[in-house]
Amino acid sequence: MNISALSFTAAALLCAVACIDNLKAGTVDLGPDTDDPTPSEPAFKYPDSYTLNHPCAYVTGKDIDKVKAAVSKADGNDPVYAAWKTFEANTYSSSRCHQSAVPVLVRGDISGTGVSSENYITACQAAASAFQQALRWRITGDTSFADAAVSQLNEWASVCTKITANDNNQYLLAGFQGCQFANAAELLRDYPGWSAADQTKFKKWLMEVWYAKNHWFISTHGGSSTCNLHYWSNWELANIGSILAIGIYTDNAELITEAYKEFREGLGSGALHNIVPYDPVADPNGHGMIAQSMESGRDQGHATLVASLSAELCRMAENIGLDFWGMDDERILAMFEYTAKYNCKPDGSFICTSMPFTKYSYCTGCSCSSNSHGAVHTTISADGRGKERACWDLIVSHYGENKAYYSSIFAEQLRYTKGVLTGDGGAGDTRYGTTSAAFDQIGWGTLLFYRK
């Protein structure tokens with residue numbers, strides 16, 4: 001039976017049931033049901049298509065033009081120019097930087113993978129380098145940087161065939177680096193030195209190696225043995241960001257809608273109502289509304305990562321006409337402000353001693369196959385307090401200093417050291433190391449988004 005016939009049969013059955021339910025004393029009541037006077041809301045209509053004015057993922061042409069203007073003026077008092085000098089000095093922006101591809105990427109338990117040790121850091125470095133080289137070409141016009149980025153992307157698409165592990169840590173890699181590889185490609189999409197054939201191959205690689213992982217994780221929330229909220233927000237945010245970035249680069253409306261739907265109304269921890277599980281409350285100090293995130297009671301390294309990933313996701317959505325920033329009365333802004341207020345210390349000291357907090361029960365009494373991992377948070381965690389992320393200038397660039405009051409304090413703190421203008425909001429050379437932490441977000445917020 002075809003789909004139309006099935007639909008007709010289902011409709012007939014529903015009609016029959018409705019008629020039976022309304023039989024009263026031998027008569028058929030076909031009038032409206034007055035037992036429930038509240039009409040149901042119509043289903044939200046997602047766009048059938050999106051307007052993509054490339055480049056339009058994390059970085060737009062307007063962003064690039066503003067950096068070009070700052071570089072041309074070479075004003076040492078301009079935070080953008082100071083960030084540019086930091087960017088120029090970064091190892092990964094050099095045209096000489098090249099991280100060779102590996103056939104099988106492993107992040108997590110190596111058992112059964114055939115790989116002797118975790119090697120995912122190679123993809124972290126390659127994605128960061130390709131993005132920075134592509135951005136440097138866009139700003140300077142020097143094709144040596146574009147050629148270096150293209151060389152890395154082509155090699156990875158030819159050599160790397162698999163992401164794996166004996167646990168789900170592999171999906172962190174799929175999210176973080178899938179997003180960054182796609183953003184690098186988006187900046188290079190109109191570079192004459194990157195052939196159409198090679199771009200087609202790279203798109204196929206993104207879809208088969210990266211998106212396939214992103215989609216599985218988002219659609220199953222980590223597998224059948226876990227509840228929808230088993231994995232923290234940063235896990236799902238990373239994968240939603242990758243889906244959106246790949247969708248933009250490949251002009252795939254279905255992927256964009258998948259990311260949009262998951263953020264707007266999904267069941268997982270990457271949905272806005274689960275990222276920010278409780279309604280915002282008034283800031284005790286009178287600066288707007290604040291709200292804890294799902295990870296505020298876990299530690300501040302992850303809570304600030306949630307802010308950074310959320311901001312990058314909102315930015316990519318904004319660039320294709322979707323307002324994630326303003327969704328649900330700017331609910332995400334309240335989370336940014338809560339996180340910034342607790343973690344910023346502009347004069348070397350934290351600006352608050354306590355924060356309002358609603359008890360949060362994580363994975364307790366849930367449907368997971370094992371409940372040994374559950375936790376109950378009764379207060380904001382001080383673990384890792386003061387963690388610096390490169391998202392604050394991005395946040396302020398959208399909302400402005402008045403709305404993003406605490407975010408603006410944090411952004412300024414990260415541009416200066418003891419009152420001296422020093423760089424790019426935590427996104428410079430010292431941000432990178434031998435672990436994944438610094439590679440978990442794209443960064444370069446001051447360089448790209450600082451506005452006077």
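Reply: Start with a definition. Exposed means over 50% relative accessible area, buried means under 20%, and partly exposed lies in between. Keep in mind that this is a predicted model.

Me: Why is Asp-329 called exposed?

Reply: Its relative accessible area is 75%. The cut-off for exposed is over 50%. So Asp-329 counts as exposed. Asp-329 sits in helix α12, residues 327-343. Its phi is positive, about 55°, although Asp-329 is not a glycine.

Me: What makes Asp-251 partly exposed?

Reply: Asp-251 has 43% relative accessibility. Buried would need under 20%, and exposed over 50%. The value of 43% falls in between, so Asp-251 is partly exposed. Asp-251 lies in the loop between α8 and α9 (253-265). Asp-251 also has a positive phi of about 55° without being a glycine.

Me: Why is Val-104 not called buried?

Reply: Buried means under 20%. Val-104 has 22%, so it counts as partly exposed. Val-104 belongs to strand β3, residues 104-106.

Me: How do you know which residues Val-104 is in contact with?

Reply: Contact means heavy atoms within 4.5 Å. Leaving aside neighbours within four places in sequence, Val-104 is in contact with Val-115, Asn-119, Lys-162 and Thr-164. Val-104 and Cys-160 are 56 residues apart in sequence, yet their C-alpha atoms are 6.0 Å apart in space.

Me: Why is α6 called roughly parallel to α8?

Reply: Helix α6 (residues 170-188) and helix α8 (residues 233-249) pack at an angle of about 30°. Angles under 35 degrees count as roughly parallel. That is why α6 is roughly parallel to α8. Their axes are 8 Å apart, and α6 passes α8 in a left-handed crossing.

Me: Which residues meet where α6 packs on α8?

Reply: On the α6 side they include Tyr-171, Leu-172, Phe-176 and Glu-186. On the α8 side, Trp-235, Ala-238, Ile-246 and Tyr-249 are among them. The residues of this contact divide into 13 nonpolar, seven polar and one charged.

Methods: Residues numbered from 1 in each chain as written. Predicted model: local features only at pLDDT ≥ 70, side-chain atom pairs only at ≥ 80, totals over all residues. Heavy atoms only, no water. Axes fitted to C-alpha atoms, helices over the stretch in contact; angles between N-to-C directions. Helix = DSSP H or I, 4+ residues; strand = E, 2+ residues; numbered from the N terminus. Parallel < 35°, antiparallel > 145°, perpendicular 65-115°, else oblique. Left-handed = near helix turned anticlockwise from the far one by under 90°. Nonpolar A, V, L, I, M, F, W, Y, C, P; charged D, E, K, R; others polar. Buried < 20%, exposed > 50% of the residue type's maximum accessible area, 1.4 Å probe, protein only.
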